[in-house]
Amino acid sequence: GMSAGANIVMEYVGSSINRARRVAAVSVSSLCAPLSNYPNGGQVIAQAHLPVWMIHCASDDPCGIDRPQGWFNAINANESPANPNNPIFTQLNSTSSDPNLRCRNYTHNTWSTLYNSAFRVNGANFMEWSLASVNAALPVKLKSFEASLVNGKVFVKWSTLTETGNAAFTIEKSADGRQFSTLKTIDGVGNSNTERKYEFIDDKPLTNLSYYRLLQTDVDGHQEYSSIKKILNQKGIGKKLIVSPNPFINELSAFVVLDKKQRLVVTLSDMNGHRISQVVQMLSEGSSEISLPVKSLNKGIYLLKVEGETISETMKVVKQ
């Protein structure tokens, strides 16, 4: 991020540890946002072990050097001595003897220096540092995570593309999507550069809605949650398509019951048949959930159509 873009980047990763862990590395040039916008931002970035490189001109006008200095000091103050993140703060000066470390005539422009391949800090230029940071910042790359109901049991499956220092996965379940309990902890493989597949079977699913999520734990104790999957367990209902909730406000899920793995096309249209959105997914046998983007919809009645090899169902849905 540069200037205003740098502000957005730092405030995003500093706002929550989950957001910080979605990002592999951060470089900010001529940061203007003060730490006071997110007082815990330095602690969040340090806890997420997010690599950060900041570059700033000491005589920057209009953004004083105290802006990035505040973030840098806060990150360092919260670093773990056993596993430091070592953020980089490069200060340019108009009178530096090193031409690579001099401010430009427009002192707010430090991005031209950062993106100069000849400009190096600790032996690496910006591109080399970025590549190294990406490789170091992704301990587990999750390829897929899904849950499906088959013959009264919930099959929770996930796969990883790579694992680095992966200690374990924990499967958690909830009746309300807020309070979760542990079902099972499964050891990770530690380090792997090939695809790995995992599975857990819950043979006592809850009646009606239940929620499942995955907690991944690194060998150093850092943890990260997956997205939440919902399962609708209504015994003997006999329908291939169930929509919940209906009417809905901000969230709408279509639960489909399939007799075999297949590709589904889920289309949401207005009452005149004009398509509003469409989701295409490959789903396994059993009952699975498809979440639909509905937050921006106006209030009214819509048509939801699900098409696949063995299913073709249309249902009216209402947004309140």
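Predicted model: local features only at pLDDT ≥ 70, side-chain atom pairs only at ≥ 80, totals over all residues.
The buried residues of H4 are Pro-68, Trp-71, Phe-72, Ala-74 and Ile-75. Seen down the helix axis, these buried residues fall within an arc of 165 degrees, so they line one face of H4.

- An α-helix has 3.6 residues a turn, so residues three or four places apart point the same way.
- On the face of H4 turned away from its buried side, the exposed residues are Asp-66 and Ala-77.

**Aromatic pairs**

- The structure holds seven aromatic pairs.
- Trp-53 and Trp-129 form an edge-to-face pair, with 5.6 Å centre to centre and 70 degrees between the planes.
- Because Trp-53 belongs to strand E2 and Trp-129 to helix H6 (residues 126-137), this pair ties together parts that are 76 residues apart in sequence.
- Trp-53 is buried, with a relative accessible area of 1%; Trp-129 also counts as buried, at 13% relative accessibility.
- Phe-72 and Phe-89 form a tilted aromatic pair, with 5.5 Å centre to centre and 45 degrees between the planes.
- One aromatic cluster is formed by Trp-53, Phe-119 and Trp-129.

**Arg-213 and two aromatic rings**

- The charged end of Arg-213 sits over the ring of Phe-180, 3.9 Å from the ring centre.
- The charged end of Arg-213 also sits over the ring of Tyr-225, 3.9 Å from the centre of that ring.

**The parallel sheet E1-E2-E3**

- Strands of a sheet pair through backbone hydrogen bonds, either parallel or antiparallel.
- Three strands form an open sheet in the order E1-E2-E3, with parallel pairing.
- Strand E1 (26-29) and strand E3 are the edge strands, each pairing on one side only.
- From one strand to the next, the twist of this sheet averages 10 degrees.
- Five bridges hold E2 and E3 in parallel pairing, and His-56 stands opposite Gln-91 in E3.

**The antiparallel sheet E14-E13-E16-E17**

- Four strands form an open sheet in the order E14-E13-E16-E17, with antiparallel pairing.
- Strand E14 (275-283) and strand E17 (312-319) stand at the edges with a single partner strand each, so one side of each is left without a neighbour in the sheet.
- Neighbouring strands of this sheet are turned against each other by 20 degrees on average, direction ignored.
- Strand E16 (residues 300-307) and E17 run antiparallel and are joined by eight bridges.
- Tyr-302 stands opposite Val-317 in E17.

- Strand E4 (residues 140-150) and strand E5 (residues 153-174) run antiparallel and are joined by 10 bridges.
- Val-150 has Lys-153 in E5 as its bridge partner.
- E4 and E5 form a hairpin with two residues between them, and Asn-151 in the turn has a positive phi of about 55 degrees.

**Backbone features of individual residues**

- His-49 has a positive phi of about 55 degrees, although it is not a glycine.
- His-49 lies in the loop between helix H3 (41-47) and strand E2 (52-57), and this residue is buried, with a relative accessible area of 17%.
- Asn-208 is not a glycine, yet has a positive phi of about 70 degrees.
- Asn-208 lies in strand E8 (residues 208-218) and counts as partly exposed, at 40% relative accessibility.
- Asn-246 and Pro-247 are joined by a cis peptide bond with an omega of about 5 degrees.
- Pro-247 lies in the loop between strand E11 (241-244) and strand E12 (252-258).

How values were computed
Residues numbered from 1 in each chain as written. Heavy atoms only, no water. Buried < 20%, exposed > 50% of the residue type's maximum accessible area, 1.4 Å probe, protein only. Phe/Tyr/Trp six-rings, centres within 6.5 Å; stacked < 30°, edge-to-face > 60°. Lys NZ or Arg CZ within 6 Å of the ring centre and 35° of its normal. Pairing = 2+ DSSP bridges. Axes fitted to C-alpha atoms, helices over the stretch in contact; angles between N-to-C directions. Arc of directions from axis to C-beta.
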